[in-house]
Structures are given as C-alpha cells and as structure tokens.
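Me: Could you take a close look at the aromatic rings in this one and tell me how they pair up?

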Amino acid sequence: MYKLLTTVALLVIISNFALAQGNGYGQKIGHFDSEYVLNQLPEYAEKTKELEALAKTYDKEVRSLYDELEKMRAELRANEVLLTPAMIEERKEAIEAKNQEALNKNTELFGFDGLYYKKVEELLTPLRTKVNLAVEVVGKKNGLDYIFDKAADVGIIYSNPVHDYTEFILEELEAQQKRN
C-alpha cells in the first residue's frame, strides 16, 4: 500500500513538473541521501549502539523462553513412554502455555507496537526531525521545489549528481550545531 501511494505521489509530482515545463515555469528538483546524512551524525551512531544493545537484551529474554520450551518438549519426548495419558496431556498443555508466553513476549518486545520499536521512535525521531529541518532550509536557500530522499523508497531510478544536495544538508546540520 505504501509503495502504491508513493508511486502515485511521484507520478503526480512528475506530471506537475511536466505541465509546469510546458507553461514555461521551471521547477527545481534536488535529492539527498538521508541514510548517509544520519550516518554522519555522531549522535546517530550513539543511538544505534544503544538500540543494538537493547535488541540483544530483548532477544536474550525471548530466546531463553524458547530454550525452556524446547527443553520441555525434549523432556516430554524422552519420558513419554513412562507417563500416563493424563500426564502427557498435562505436559502438552504446559508446553502450549510456555509457547504462548514466548510468543506474547516476542510480540511485546518486537511486535509492530513493541517496546523495541517504541524505543527506536523515541531515540531516532529527534534526529530525523533535525535532518528534515535542515532539508527544508537547504531547499529554501537553493530555491528548490522538491527534494527527494534517495534512501527512502520513492522509486528514483536515475538522479543527476548535479542535483544531489546531501553535502548541503550536512553543512546545514553543522551550522545548526554551531548555533546551538
């Protein structure tokens, strides 16, 4: 769905650009690479390391539950001939409960609205906002009508390096850092 909306938006922009060209109104379009820009920010590296450590911690929690689950299954297989049908059923229910616990923990930590992704938003949104503000300043300074992000999934197949404003974005971020 996102790709479809992005493609439609890109087609609208391109058609507007073509119409404007036909009417004698030129539009300036630039692009930059947000992934490259973010990787140039020291605070991004710090936040990324923090997120990696958090992911490892959460992964250990989930993995320990799945290890317990596998141990319970192995014990059932090893002792199944010695157990009564009622005991086997009881252990299968315990295994299913442990499986559900592991699934719930995984969803709680790594799911769509999980703790990990909330932390990603908390740590990276301020940096993305900072970059977006720098993009806006560069766009206004250079009289651009549109700036595309090459790192985003917008379908740019070719871009003339003359219109690459990545370095201008980095310069603006440095200027903002000096002002603060």
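Reply: Rings of Phe, Tyr and Trp (for Trp, its six-membered ring) pair if their centres lie within 6.5 Å; planes under 30 degrees apart are stacked, over 60 edge-to-face, and the rest tilted. Keep in mind that this is a predicted model, where local features need pLDDT of at least 70 and side-chain atom pairs count only at pLDDT 80 or more, while totals for chains, interfaces and linings use all residues. Residues are numbered from 1 along each chain as its sequence is written, and side-chain values use heavy atoms, with hydrogens and water left out.

By the ring rule there are four aromatic pairs. One of them joins Tyr58 and Phe110, edge-to-face, at 6.1 Å centre to centre with 80° between the planes. Tyr58 is buried at 14% relative accessibility, whereas Phe110 is partly exposed at 23%; buried means under 20% relative accessible area, exposed over 50%, and partly exposed in between (1.4 Å probe, protein chains only).

Then there's Tyr116 with Tyr117: ring centres 5.2 Å apart and planes at 85°, so that pair is edge-to-face. Tyr116 is buried at 16%, and Tyr117 is partly exposed at 41%. Put together, ring pairs link Tyr58, Phe110, Tyr116 and Tyr117 into a cluster.
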